[in-house]
Every structure is written in C-alpha cells, then in structure tokens.
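These are my notebook entries on one protein model. I record what I looked up, with the criteria applied.

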Amino acid sequence: NEWGGRNSLARANELCEEIFNWFTQSKEPLYIDDLEDKLDEGLISLNTEALDGSIGEVAEKLMIMHEECAEGNYISVEKLREASAHRIVHSHVKQVVSDDDGSDSDAGSMGEVDSEMMVDASHANAAPVGML
C-alpha cells in the first residue's frame, strides 16, 4: 500500500533479506538486542514506529525459531508458513479523521464531530512481503 513512502515494498523486502542474512551468514554470536535494533531501523526506514513492545516480541520469536531450526526442529516454521497461506488478502483499514484545531468539542456541535472512513486496502495480486 506504499504507506511507508515510495518503494516501501522494496525496502520491506530488503529488511527481510538483511535479517535472513544476519541469521545465516553472521560469523559472530547472535544477540537479540542486535536483532531488535535491525528491526527498529527497518521500521523507521518505512516511516513506522512500534512503541508497543512488538519489536521485542518479534525478535524473541525469530531467535527461538532460529534455535529450533539449528536443532532440526521446523515445526514453528511450518506453522508460520501455514498461517501465511491462510492469510486474508482483503483487509479494511479504519482511519479516524478529526478536526485539526486541537480544541475539545461538544459532541452535539455541528461540524466538530469526528468522522470515520473505511479505506479498502484490497490487493488481490499483491506479492506478500516475507522470506517464506
């Protein structure tokens, strides 16, 4: 949907490739803090900021999956692959539009009530971002 700016799909794919290469080609020990930094930098390059702790959760899950794969256990990878295959292509994004004057408004005042708009983000032939 290019919300991350021009060429955001390409940048997202580059982030995936960078993370994959970090896991597969690094000769140094892998630390979760380094992975979190890479994920955070990648999101910033897409004009996105995650303040909800999800970067740490994703980094932890990726580290666990990497350790499992190193042990020959691919169950979590298969689960991720299955979940990705069942992902719904059609989605709606709810965007709330409000007045920009910054003042508190009465719900009964005309012209000052927030409005909601549904944006159709359906891309039937869009290529999924990811390594799997």
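Predicted model: local features only at pLDDT ≥ 70, side-chain atom pairs only at ≥ 80, totals over all residues.

Entry 1. Is R81 buried, partly exposed or exposed? I find R81 partly exposed, because its relative accessible area is 41%; buried means under 20%, exposed over 50%, and partly exposed in between, with a 1.4 Å probe and protein chains only. Accessible areas come from the Shrake-Rupley method with a 1.4 Å probe, and for residues only the protein chains shown count as cover.

Residues are numbered from 1 along each chain as its sequence is written, and side-chain values use heavy atoms, with hydrogens and water left out.

I count 4 helices and 2 strands in the protein chain, running α-α-α-α-β-β from the N terminus. Helices (H or I, at least four residues) and strands (E, at least two) are DSSP runs, numbered from the N terminus. Of the 132 residues in the protein chain, 14% are buried.

How many salt bridges does the structure hold? I find 2, a salt bridge being a side-chain nitrogen of Lys or Arg within 4 Å of a carboxyl oxygen of Asp or Glu. In one, E18 pairs with K38, and their closest N and O atoms are 3.3 Å apart. This pair links distant parts of the chain, since E18 belongs to helix α1 and K38 to helix α2, 20 residues apart. E18 is partly exposed at 37% relative accessibility, and K38 is partly exposed at 21%. In the other, R81 meets E78 at 3.4 Å, N to O. Both residues are in helix α4 (residues 75-85), and because they are 3 residues apart, about one helical turn separates them. E78 has a relative accessible area of 37% and is therefore partly exposed.

Which residues form the negative surface patch? I list D33, D34, D37, D40, E41 and E49. Patches are made of residues with over 30% relative accessible area and no salt bridge, like charges being joined within 9 Å and nonpolar side chains (Val, Leu, Ile, Met, Phe, Trp, Tyr) within 5 Å. Asp and Glu count as negative and Lys and Arg as positive, while His and the chain ends are not counted. The place of a charge is NZ of Lys, CZ of Arg, CG of Asp or CD of Glu. E41 sits in helix α2 (residues 32-45) and is exposed, because its relative accessibility is 52%.

I place A59 in helix α3, where its 0% relative accessibility makes it buried. Its C-alpha atom is 9.2 Å from that of D34, which lies 25 residues apart along the chain.

My search of the whole structure gives 0 disulfides, a disulfide being a pair of cysteine sulfur atoms within 2.5 Å. C16 is buried at 18% relative accessibility, whereas C69 is partly exposed at 24%.

Most residues other than glycine have a negative phi.
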